[in-house]
Amino acid sequence: MTTTLERPTATTARRPGFDRVLLAEWIKLTSVRSTWWTLVTTLVLGAGLTILMCWGNADWLASADADESAGSFITWGMMIAPVMAVVLGALAVTTEYGTGMIRTTFSAVPTRGRVLAAKLLVLTAVMFVVGTVTALVGYVGANPFLENEGIGLALEGDVARSMYGSGLYLAGIAVMTAAVGFIVRHTAGTISIVLALLMVIGNMVMLIPGDLGDWLMKVMPGNAGAGIATPVSFNPNLLDPWAGFGVFLVEIAALLALAWWLLRRRDA
Amino acid sequence: MIRAQGLTKRFADTTAVDGIDFTVEPGRVTGFLGPNGAGKSTTMRMILGLDAPTRGTVTVNGHRYVDSPAPLREIGALLDAHALHPGRSARDHLRWLAASNGIPTTRVGEVLDIVGLDAVGGRRVGKFSLGMGQRLGIAAALLGDPEVVVLDEPVNGLDPEGIRWVRSLARQLADEGRTVFVSSHLMSEMSLMADHLLVIGRGRILADCSMQDFMTDHAASYVRVQAPDTTKIEALLVDHGADVTRRGAELQVQGIDAPAVGELAAAHALVLHELTLVRSSLEDAFMALTADSVEYHAKSATEVAA
């Protein structure tokens, strides 16, 4: 039925476009301090650890005893930076559930899939940029120590790929965590699950003997996705960088599908 | 306008809302009254499409809320004033809300001004008092200049001045032709705010009438009589067709007014110590009406329906 009132707004206004929902999620993410703390920590630890490890190990890497590649050290910090991507991805979703603000969000944007999509796009953009910048700062700070020992790396080929690869990997981690956040709806639970998956289970499966253990190790999200973020992996048994990243994307897509399905079904 | 038809919400082992029908009309304040756990919040969440009804439908201006072309311009809702990120400022909270519906940012300042929070708009809401949080929730509800305003327990945590402000705001919104739907578990508050009353208990609509009708129908009155010898007076009153209930030392008389009781007593030379007209309050009427649902909740310790 139509109301007799002459209020043109609701009946004649067009549904706000997806760009409005994106802007809303951008404002949400950038208007809380935890986001900035997380991103600054990503940069400081991600780049700082790379620089520190290259400074401390340059002479050893240049020596005859070295059994690791300088290419593994030039992105060393990317082994720690995923923790911050997990925190950011979780907080972007679970604080809304923790506070109940998610109901305000879904009142403002009743089509829940748009909220999911907007959150993921904003997280992807932010984490890709911060991840890539972190890798570049690490490279710029660490490479002079390697050059001093005559093992400097040119910013090309696999090294260049590992720079934006770091951005892609961290963005993937943040999106995967956000998907888990929509499923679990609880901050501590989400962070614990994803960190366990990346840091603990990803290494534990190596203990399973035979081909099964080998295969599981390769496809665990942390292992499959991490290859793209380094020129030379510490673990020689991983999938090729792009093949691994493809597996990682499929895993993220599966989690997102589950998150989206639950989001549509469940009461907010 | 909000219309519910056969609206039902069942959780695992409880029926929070049990097949209710109602219409909330524009241009007046409709009070949604019920004890805690009666189904008020669940109903409001279903109006906003946050909870899916188990059965039945609820529409806003003729369509489901999720199909709304401009959600915040259609309904402004305050569901839980504390459902905010404590680290975000009031202004930023309103800013993202406005952005999500393409509402100009200038409106943020306007609503902060309306609710009296303009001075603290930049402060993080985690530091807000209960009342300030409530005001921010109302600001968010007004952001889209909506046709329908839904407020769940808006006076909770407000000081007397704030309560009066909410009352006049609800009145003003209704006078502007908007649909105003306000829930409360306090009858006294509703009697001051609402034109129309929807009483819910145990998930069912117990009354759907104007405030005036509710007062006439449910707020019973009686004449209290105290006297040294109530036995004679009781017999006398009963003879004259009155309905007399003995409660301790006093008589509660219905069906005959106070002057008539006095005149009868005088005519028979009986001494009275008290002759008072007692109007039972609306609160009493509400308690009587919802006694079943309240009793139910008191007995069932596990019941925690929202």
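Visitor: Where in chain B is the place of B:Ser280?

Guide: Please keep in mind that this is a predicted model. B:Ser280 belongs to the loop between strand S13 (274-279) and helix H11 (282-289) of chain B.

Visitor: Does B:Ser280 count as buried, partly exposed or exposed?

Guide: One counts C-beta neighbours inside 10 Å, and because B:Ser280 has 14 of them, this residue counts as partly exposed. Position along the chain is another matter: B:Ala220 is 60 residues away from B:Ser280 in sequence, yet their C-alpha atoms are separated by 5.7 Å.

Visitor: What share of the contacts in chain B comes from residues 24 or more positions apart?

Guide: Among contacts with a separation of 6 or more, such pairs account for 70% in chain B. This chain has 12 helices and 13 strands, and of its 306 residues 46% count as buried.

Visitor: Which residues have the most contacts inside the largest nonpolar core?

Guide: That core has 155 residues, and those with the most contacts inside it are A:Ala174, A:Ala179, B:Leu94, B:Ala139 and B:Leu143. Its largest share, 16 residues, comes from helix H8 (residues 157-184) of chain A. If we leave aside neighbours within four places in sequence, B:Leu94 is in contact with B:Val108, B:Val111, B:Leu112, B:Ala139, B:Ala140 and B:Leu143. A second, separate core has 10 residues, including B:Val225 and B:Val261.

Visitor: How many residues does each chain bring to the contact between chain A and chain B?

Guide: In general, the size of an interface is often given as the accessible area lost when the parts come together. Here we can count residues instead, with 38 from chain B and 35 from chain A. On the side of chain B that touches chain A, helix H2 (71-74) and helix H3 (90-100) each supply at least two residues, and H3(B) gives the most, with six. Sorted by class, that side has 19 nonpolar, 10 polar and nine charged residues.

Visitor: What covers the buried residues of H2(A)?

Guide: Those buried residues include A:Arg20, A:Leu23 and A:Glu25, and their cover includes helix H3 (33-62), helix H5 (81-99) and helix H7 (112-148) of chain A, together with H3 of chain B.

Methods: Residues are numbered from 1 along each chain as its sequence is written. Chains are lettered from A and ligands numbered from 1 in the order in which they are written. This is a predicted model: local features need pLDDT of at least 70, side-chain atom pairs count only at pLDDT 80 or more; totals for chains, interfaces and linings use all residues. Helices (H or I, at least four residues) and strands (E, at least two) are DSSP runs, numbered from the N terminus. A residue is buried if 20 or more other C-beta atoms lie within 10 Å of its own, exposed if 12 or fewer, and partly exposed in between; C-beta atoms are placed from the backbone. Two residues are in contact if their C-beta atoms, placed from the backbone, lie within 7 Å. A nonpolar core is a set of buried Ala, Val, Leu, Ile, Met, Phe, Trp, Tyr and Cys residues joined through C-beta atoms within 7 Å. Ala, Val, Leu, Ile, Met, Phe, Trp, Tyr, Cys and Pro count as nonpolar, Asp, Glu, Lys and Arg as charged, and the others, Gly among them, as polar.
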